[in-house]
Amino acid sequence: DLLWQTANLEPAPPRQAAPRRSPLSLSPASMRAFSALISALVVARCAAFIPSGGARPAASFAGVGSKGLQGGRRGLHQMARRARPQHQREEVRAMRGGGMAGGAPQQYDGARIGPPPDLPSLLLHNRIVYIGMPLVPAVTELIIAELLYLNYESDSKPVYMYINSSGTMNAQGQSVGFETEAFAVADCMKYIKPPVHTICLGQAYGAAAMLLSQGAKGHRFALPNASIMLHQPRSQARGQASDIAIKAREVLANRRVTCGLIAQACDKDIEAVMADAGRTKYLSPDEAVEYGMIDKVLTSDVDQPLIPSFMNSL
């Protein structure tokens, strides 16, 4: 205006504002009608989610008007989600796998939902350690971790170790592990405070037989059809003659350590054990009792060392 007055010209006519259009390209009258329709739908939707006596009346959502239209489908979805009571939102999250608030067990109408606990977790909860594979590093790592965990969980309750292993060999008699893996498990069994009860089922060959004998005295068992075997460590050393000689000395040292642990557990002379392990020696459960590797053969339900508590709750 100041510019026009300076030039002694008449002011320019004001510009006419373009009529405001809605995002849906509707006229203002159609927009108001459509907004009223959406408000009625929201009220009906909220009434379906909120039970009688709910914390928030459904009619309070009727004032959304055109705000829901400005957000489009996403805005309406958020309003419908906020309309749900807290307990229904938690149940929906639990069914989607997010769990209940605060880390509580996932339940819906009193029934547990979600994946069931795995069997190793149930066994570990009842202080059961199961060795069902050759003593390779991946297996011994898990065994030692379980023993350490059970030690810090309770230093007085016994640990039950079930053994069905071919030791450091596979089914074809080939060496697949190191005797030092078995030594680590044996040392951990003596390191922890809880007594370790050993039970042989199936087979306990070589290093696995040594672990069987390392259980607490009076608590070393075997099932009637178990098989126990003593043998020397095997080596598949290759390379130069000097390297093979170094490996051979290490194998002889491992044999002496293994036989020494068995001799100490069986109250025998180490030379006698080394002579027995010079060639493959199989022992039945009764023969193992006479040899001193185990204390008893389990033959009845009364002899079972543990009835898992989770079995009674199933």
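**Buried contacts, helices and cores of the chain**

The side chain of arginine 127 reaches 3.1 Å to the backbone oxygen of leucine 150. A second polar contact, of 3.2 Å, links the side chains of arginine 127 and glutamate 153. These values come from a predicted model. Arginine 127 is placed in the loop between helix H5 (119-125) and strand S3 (128-131). Its relative accessibility is 6%, so arginine 127 counts as buried, the limit being under 20%. Beyond its neighbours within four places in sequence, arginine 127 is in contact with Leu150, Glu153, Ser154, Lys157, Pro158, Val159, Tyr160 and Pro194.

The chain as a whole contains 12 helices and nine strands. Of its 314 residues, 36% count as buried. Contacts between residues at least 6 apart in sequence were also examined; 64% of them join residues at least 24 apart.

Helix H7 covers residues 179-191. Its 13 residues reach 18 Å from the first C-alpha to the last, close to the 18 Å expected at 1.5 Å a residue. The buried residues of H7 are Glu179, Glu181, Ala182, Phe183, Val185, Ala186, Cys188 and Met189. The cover over these buried residues includes helix H6 (137-153), strand S4 (159-165) and strand S5. Helix H8 (207-213) and helix H9 (241-266) are also included in that cover.

Helix H9 has 26 residues, which should span 38 Å at 1.5 Å a residue. The end C-alpha atoms of H9 are 37 Å apart, in agreement with that expectation. Buried positions in H9 are Val251, Asn254, Thr258, Cys259, Leu261, Ile262, Ala263, Ala265 and Cys266. The buried residues of H9 pack against H7, H8, strand S6 (220-222) and strand S7 (227-230), as well as helix H10 (270-276) and helix H11 (285-291). Asparagine 254 lies in this helix. Its relative accessible area is 10%, so asparagine 254 is buried. Not counting residues up to four places away in sequence, asparagine 254 touches Glu179, Phe183 and Pro233. H9 is followed by aspartate 267, which has a positive phi near 55 degrees.

The largest nonpolar core holds 45 residues. Leu147, Met161, Leu211, Ile228 and Met293 have the most contacts inside this core. Leaving aside neighbours within four places in sequence, methionine 293 is in contact with Ala209, Leu212, Ser213, Arg220, Ile228, Leu230, Cys266, Leu283 and Ala288. A second, separate core has six residues, including Ile128, Tyr162, Ile199 and Phe221.

Aromatic rings were then considered. A pair of aromatic rings is described by the distance of the centres and the angle of the planes. With centres required to lie within 6.5 Å, the count comes to one aromatic pair. The ring centres of tyrosine 205 and tyrosine 282 are 5.9 Å apart and the planes stand at 85 degrees, so the pair is edge-to-face. Tyrosine 205 belongs to strand S5 (residues 196-205) and tyrosine 282 to strand S8 (residues 281-283), so the pair ties together parts 77 residues apart in sequence. Tyrosine 205 is buried, at a relative accessible area of 16%. One further ring feature involves a charge: the charged end of lysine 268 sits over the ring of tyrosine 291, 4.7 Å from the ring centre.

Note on methods: Residues are numbered from 1 along each chain as its sequence is written. This is a predicted model: local features need pLDDT of at least 70, side-chain atom pairs count only at pLDDT 80 or more; totals for chains, interfaces and linings use all residues. Side-chain values use heavy atoms; hydrogens and water are left out. Rings of Phe, Tyr and Trp (its six-membered ring) pair if their centres lie within 6.5 Å; planes under 30 degrees apart count as stacked, over 60 as edge-to-face and the rest as tilted. Helices (H or I, at least four residues) and strands (E, at least two) are DSSP runs, numbered from the N terminus. Buried means under 20% relative accessible area, exposed over 50%, partly exposed in between (1.4 Å probe, protein chains only). A charge sits over a ring if NZ of Lys or CZ of Arg is within 6 Å of the ring centre and within 35 degrees of the ring normal. A polar contact is a pair of N or O atoms within 3.5 Å; within protein, one must be able to donate a hydrogen and the other to accept it, and residues adjacent in sequence count only if both atoms are side-chain atoms. Contact means heavy atoms within 4.5 Å. A nonpolar core is a set of buried Ala, Val, Leu, Ile, Met, Phe, Trp, Tyr and Cys residues joined through side-chain atoms within 4.5 Å. The expected span of a helix is 1.5 Å times one less than its number of residues.
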